[in-house]
Amino acid sequence: MLTFTCMNNWYVPITLLPSVGFFIVATTSVSNALSAEIARLIELSLEKDQHIIARKVKQLRTVNNALVLLYASAALLAITGLVAGLEFNLMLHLERYVVVLICVAIGVVVLALVLLMMYAYRAVRIKEEQFRRH
C-alpha cells in the first residue's frame, strides 16, 4: 500500500505538467497577438487611440504575469515529480513535502487562470470601446 501512495504522489505532478504546458502555449499565443495589435496601433499613431494603447499595454502586463506564474507552476511540478521519484526510490519520507508542493503548484496555476479571466473580461470591454470610437 505504501508503494501505491508514493507512486501516486510521483504520478500526479508529472501528469499535470502537460496541461500547464498547453496553458503556456495558449497564453503565449495571446501575448504575441496582443503585442502585434499594440504595435499596429502604435504605427497608426492616432491621438484617439492613445487611451486604448495604454489599456492594451496594461493587458499585456497581465498576460505576461500569468505566463510567469504558469512557468513557475511548471517548475514546481517538475521539482515535485523529481522529489517524489527520489522519495520512492530512496525510501525517504517526504510525502508531506510532495503534497505541499503539488498544492502550491496548483494554487499558482489557479492564480494564473484568475489573471487570464481578468484579461478576458477586460479585453471585451476594451474592444467594445475601440469599436465605439471608430
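A: We begin with contact, which means heavy atoms within 4.5 Å. Leaving aside neighbours within four places in sequence, E129 is in contact with H51, I52 and R55. This is a predicted model, in which local features need pLDDT of at least 70 and side-chain atom pairs count only at pLDDT 80 or more, while totals for chains, interfaces and linings use all residues. Residues are numbered from 1 along each chain as its sequence is written, and side-chain values use heavy atoms, with hydrogens and water left out.

Q: In which helix does E129 lie?

A: Helices (H or I, at least four residues) are DSSP runs, numbered from the N terminus. E129 belongs to helix α3, residues 95–133. Apart from residues up to four places away in sequence, R55 touches R125, I126 and E129.

Q: Is E129 buried or exposed?

A: Buried means under 20% relative accessible area, exposed over 50%, and partly exposed in between (1.4 Å probe, protein chains only). E129 is buried because its relative accessible area is 13%. R55 has 25% relative accessibility and therefore counts as partly exposed.

Q: What does S31 touch, leaving aside its neighbours within four places in sequence?

A: S31, which is found in helix α1 (residues 2–44), is in contact with L60, V63, N64 and L67. At 8% relative accessibility, S31 counts as buried.

Q: How far apart are R55 and H93 in sequence and in space?

A: R55 and H93 are separated by 38 residues in sequence, and their C-alpha atoms are 50 Å apart in space.

Q: Which residues make a nonpolar surface patch?

A: Patches are made of residues with over 30% relative accessible area and no salt bridge; nonpolar side chains (Val, Leu, Ile, Met, Phe, Trp, Tyr) are joined within 5 Å. Here I106, V110, L111, V114, M117 and M118 make a nonpolar patch of about 500 Å². M117 lies in helix α3, and its 54% relative accessibility is why M117 counts as exposed.

Q: Where is confidence lowest and where is it highest?

A: The predictor's confidence in each residue is given as pLDDT, from 0 to 100. The mean pLDDT of the protein is 87, and 90% of its residues reach 70 or more. Confidence is lowest in α1, at a mean of 84, and highest in α3, at 92. Over residues 1–7, pLDDT stays under 50. Where pLDDT is low, the predicted coordinates should not be read in detail.

Definitions and conventions: Helices (H or I, at least four residues) and strands (E, at least two) are DSSP runs, numbered from the N terminus. Patches are made of residues with over 30% relative accessible area and no salt bridge: like charges are joined within 9 Å, nonpolar side chains (Val, Leu, Ile, Met, Phe, Trp, Tyr) within 5 Å. Accessible areas come from the Shrake-Rupley method with a 1.4 Å probe; for residues, only the protein chains shown count as cover. A salt bridge is a side-chain nitrogen of Lys or Arg within 4 Å of a carboxyl oxygen of Asp or Glu.
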